Every structure is written in C-alpha cells, then in structure tokens.
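Dear colleague,

Please find below the sequence and the structure that I promised to hand over, followed by my notes on what was found in it.

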Amino acid sequence: MTSAEIRKAFLDFFVKQGHTAVHSSPVVPANDPTLLFTNAGMVQFKETFLGQETRDYTRATSVQRCIRAGGKHNDLENVGYTARHHTFFEMLGNFSFGDYFKREAIQYAWKFLTEELNLPEDKLWVTVFEEDKEAEDIWLKEMGIDATRFSRCGAKDNFWSMGDTGPCGPCSEIFYDHGESVAGGPPGSPDEDGDRYIEIWNLVFMQFDRSADGTLTPLPKPSVDTGMGLERLAAVMQKEHNNYDIDLFKAIVQKASELTGEKNLTNSSLRVIADHIRSCSFMIVDGVLPSNEGRGYVLRRIIRRAIRHGYKLGQTQAFFHKLVPVLVEQMGDAYPELVKEQANVERALKLEEERFAETLENGMKILEEDIASLQSDVISGTTAFKLYDTYGFPLDLTADVARERGLTVDEVGFEREMEAQRERARSASNFSAQSKGKIDFNGQTKFLGYHKDDADGVIQAIFVG
Ligand code: ATP
Ligand code: MG
Ligand code: MG
Ligand code: MG
C-alpha cells in the first residue's frame, strides 16, 4: 500500500463512521503563542475541545502535517538515530468532540488495523494508562485481546498533553512488533526504547484542560483525539522496518545521494537531509523564514544542520534547495499549498545556503582543530560560542558534530559566554541611544546606532544611506 493509499483508506474509513474530513492546518498554529509548531492533529481543534468554539460536526478526521522540533515535543535529536522519528511527519487522526468516548475509539482503531488493513493481531501490542481501569476492561474483556501483549504504563508515556497547558488526558497506545531481528523490548519494559516495538497509534481520552499552574480542570465533555504516524504505518504496510525506507522518502534520499555523491542510501546524513527538507519546506510554505529568533531560528538551525550534513558528505556547494522539486513530486498532490509556494521555498533555502556557505567551511576548520587538540571529551563553551558568534553555528549544530565523535559540548560554559555577550550588548545599546543619528559619513550614510538582536545577542551597527 502506498502512503497516498493509506491516507485515503484512513479518511474513507472514518468518513464512513460519520466523521467530517478536515484538511491539514498549517504547521504554524493560528493564534497560539503557547505552541511553537503544530505537533499533533488536535491542535487545530484545541478550542473545540475546550468548548470555546463549536463546529457543525462532532466527529472529524484529518491528515495533519506536524513538526516536532521544539517545545514539549522535540524529536530533532532523534533524527538520524532512530528508525521512527522525523522533525516533520503526517499524523492520521480521528476526533470526537463530546460525541463518542473510549469504547468507540478503541473499537474503531482495532477495526481499522485488523479488518481494513488486515494486520495480524499477534503483531500488535496495546498499552493503557495504569490508572485507567475502564480502558483496560474494554481491551481485555470486550475486545478480547491477548493479555500477554498488553501493558499498563505510567504517565510519562500514557498521559498525553499538547504542551505545558491545554487539553490532555490518559491514553491507550498500539504498537507494532517488527520482529526478533530488531533490538528492543516490549512497551513498559526496561528496554522499551529500542525500535523493535514501534508505537503506531495513540488514542487520547481528552478529559482535562491543564492550566499554567498545573491544575487539571475537566473539559466540558469527555472527547477523543487520536494520532497515528503515517510514515510508521506506511513502514508496516510496506514491510520496511525503518521509516526512511518507505515510498515517501525513497526519491528524496535518492536525490540527496546524487547531490552529495554518497552512494550508501542508508547513510544517516542522507536520512537527516531527507528529513530536514520536509520540515524546512513546510515551515516556509506556512510563512516562516530563517531568522534569529523564535520559529525562524528553529528553521535556520534545521537548514544549517542539513547543510552541515551535506558538507560532511563532501558537498560544499549549495545543494539543499535542489531537493524541493522532488519533495513537490512526492507531496504536492496531498498538499497543494506546497506546489503553490515551491518557488518561494527554493528561493528562501538557497539564500540561507549561500549565507551560511561563507562561514561554514572556516567554522568547521576551527572546530576540527579544536577537536584534534582536545584533552577531554568536552568541547569548551568558549569554542562553541566562538563558532556561534562568528561563524553562525547554532549550538545544536556543534553538538551534532560532537555527538558523532562521541563528544559533548559544555553548554553551561556556552551560556556563560552568551550572557557576557548580552552584557556587552546592553552597555552598547546605552551608548547607541546617545549617539543615534549623530555620525554623518559625507552626508551619504547615516549611522543610526547599534541594534541588539535579543535572540542571539549579536550587535549590529545600523546605517542608512
Ligand atoms: P514516540 O514515543 O515514538 O516518540 P510519541 O509517544 O512521542 O512517539 P505521540 O505524541 O503519542 O508520539 O504521537 C502520536 C503518534 O504520532 C505516534 O504514535 C507516532 O505514530 C507518531 N509520531 C510521533 N512522533 C513522531 C515523529 N517524530 N516522527 C514520526 N512519527 C511520529
Ligand atoms: Mg516522542
Ligand atoms: Mg511514546
Ligand atoms: Mg505516544
């Protein structure tokens, strides 16, 4: 089954059960300053769950584009290291706004997997929140699933929240067992973090609204929010273990291989690049541009990481933006907004590539020299700061290089340097207030003073002319 067929089968199944199909919302949440990026299908329905907005339906289904690269759900550091994480992925979801609750949510999910997709029951594992006896009884007594493939888990995995505040509740998850050839224990066991049992679907029983002080207030009506990663399900359906081997990634990895000259298609840098082109492109589609703060800085960090992985494979020319046409071929049908913005995406990526190209090579030389002369396995905060300040290396980029070499970065030392920089910037901006507009260069250029960028403390002199 192709990914496109899976999307369609999912939506069709839930439409048949009375759900309204709703198109994906942007990766930048509308009017929600508490959230960096849309990290789940429920985000566009947040107000509906909270009872602050009513819609003309009580059941919905969607395929939502999601980004998990900052805030509460952040998988950036997992990319390239696990078989199942992306910074950008698509979430298949069905939602009930005070309509059905646990029983139907469980019945629908099981029916879709075992009857629609014909997945064998003995490959599926189920977990519930340890205090949720109701869900446990539905699975074991009503659905009759095998108790040997069932576990009760704590809040870390089985109490879902969108962020520090907002809708949340206990959940029940379904895992797929990829078989003995892969390391990792079943859910709830001490070695559950391996990639043998891969979580595919999370059924959240939305019951509370968490406020900033942690208080849980019951929602007006108990609701359901489910999320299943399209790429993980596609891996199961396409008999692949690793998400990066599914149809959606093949052409992108292939193109990245051509552009970098790396022949081994399982090379993790190729996978990182293939992941990053998806998140970066969709961020730009949805209005984010590289900058030094907030969402724009997350975008800049991910682009620079991708470029550094290209550099690691020997590519020193701009290449990243050349992946966009292949991405559009793969995803354009499902996301017409990507087709519409293609030219803008390519332009923005190319510009950022050219900008970083000027400093990447020199920065890497400094970093290599530093690593070669290290007496310990920690890269100093001073070096990391110098790379950041002079060469535009985001801290996580330096940390990414460090991790590849079995090293770490002194992040506390980095922060100390950063604070000292801010201190210098503060005194400089006092100075700029006084000197504003006073210096005149032959009447052509006016010095307006210094500008301190709050996100990274960089001081820039500002001229007009
Ligand atoms: P994991 O434990 O594997 O990190 P999760 O518990 O953080 O996943 P949920 O928040 O429950 O994930 O999200 C619902 C579903 O979305 C998951 O069951 C999975 O199928 C999918 N998913 C979550 N994070 C990612 C990701 N980074 N890349 C791809 N799919 C993901
Ligand atoms: Mg996770
Ligand atoms: Mg999980
Ligand atoms: Mg989960």
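Let me begin with lysine 239, which has a relative accessibility of 76% and therefore counts as exposed, the cut-off for that class being over 50%. Please keep in mind throughout that this is a predicted model. Lysine 239 belongs to the loop between helix 6 (230-237) and helix 7 (247-260), and its phi is near 55°, a positive value in a residue that is not glycine. Most residues other than glycine have a negative phi. Asparagine 31 is placed in the loop between strand 1 (20-22) and helix 2 (46-50), and with a relative accessible area of 76% it is exposed.

The ligand site comes next. Ligand 1 sits in the largest pocket, and the elements that contribute two or more residues to the shell around it are strand 5 (88-96), strand 10 (197-210) and strand 11 (216-229). Strand 10 supplies the largest share of that shell, namely four residues. In total, 17 residues surround ligand 1, and the closest are Asp75, Arg84, His85, Glu199 and Asn202. Sorted by class, the shell consists of six nonpolar, five polar and six charged residues.

A nitrogen atom of ligand 1 lies 2.9 Å from a backbone N or O atom of histidine 86. On the side-chain part, an N or O atom of glutamate 199 is 2.8 Å from an oxygen atom of ligand 1, and an N or O atom in the side chain of arginine 232 is 2.9 Å from an oxygen atom of ligand 1. Ligand 1 taken alone exposes 590 Å², of which the protein buries 90%.

Strand 5, which was named above as part of the shell, also holds serine 96.

Turning to the helices, I would point you to helix 13 (395-404), which is largely enclosed by the rest of the structure because seven of its 10 residues are buried. Those buried residues are Leu395, Asp396, Leu397, Thr398, Asp400, Val401 and Ala402. Just after helix 13, glycine 406 adopts a positive phi of about 75°. Leucine 407 is in the loop that runs between helix 13 and strand 13 (408-409), and at 13% relative accessibility it counts as buried, given that the class requires a value under 20%.

Glutamine 254, by contrast, is a residue of helix 7 and counts as partly exposed at 35% relative accessibility. Threonine 114, found in helix 3 (residues 102-116), is buried, with a relative accessible area of 13%.

Finally, some separations between C-alpha atoms can be set beside the distances along the chain. Aspartate 286 and valine 27 are 259 residues apart in sequence, yet 6.4 Å apart in space, C-alpha to C-alpha. Aspartate 286 itself is in the loop between helix 8 (268-285) and helix 9 (294-312), and it counts as buried at 17% relative accessibility. For glutamine 254 and alanine 274, which are 20 residues apart along the chain, the C-alpha atoms are separated by 9.2 Å. The C-alpha atoms of threonine 114 and proline 29, 85 residues apart along the chain, are separated by 34 Å, while those of leucine 407 and isoleucine 106, 301 residues apart, are separated by 45 Å.

With kind regards

How values were computed
Residues are numbered from 1 along each chain as its sequence is written. Chains are lettered from A and ligands numbered from 1 in the order in which they are written. This is a predicted model: local features need pLDDT of at least 70, side-chain atom pairs count only at pLDDT 80 or more; totals for chains, interfaces and linings use all residues. Side-chain values use heavy atoms; hydrogens and water are left out. A residue is near a molecule or strand if one of its heavy atoms lies within 4 Å of it. A polar contact is a pair of N or O atoms within 3.5 Å; within protein, one must be able to donate a hydrogen and the other to accept it, and residues adjacent in sequence count only if both atoms are side-chain atoms. Accessible areas come from the Shrake-Rupley method with a 1.4 Å probe; for residues, only the protein chains shown count as cover. On a 1 Å grid over the protein atoms alone, a cavity is a set of points where a 1.4 Å probe fits but cannot get out, and a pocket is an open set with protein on both sides within 12 Å along at least five of seven lines; lining residues have an atom within 4 Å of a point. A molecule sits in a cavity or pocket if more than half of its atoms lie within 2 Å of its grid points. Ala, Val, Leu, Ile, Met, Phe, Trp, Tyr, Cys and Pro count as nonpolar, Asp, Glu, Lys and Arg as charged, and the others, Gly among them, as polar. Buried means under 20% relative accessible area, exposed over 50%, partly exposed in between (1.4 Å probe, protein chains only).
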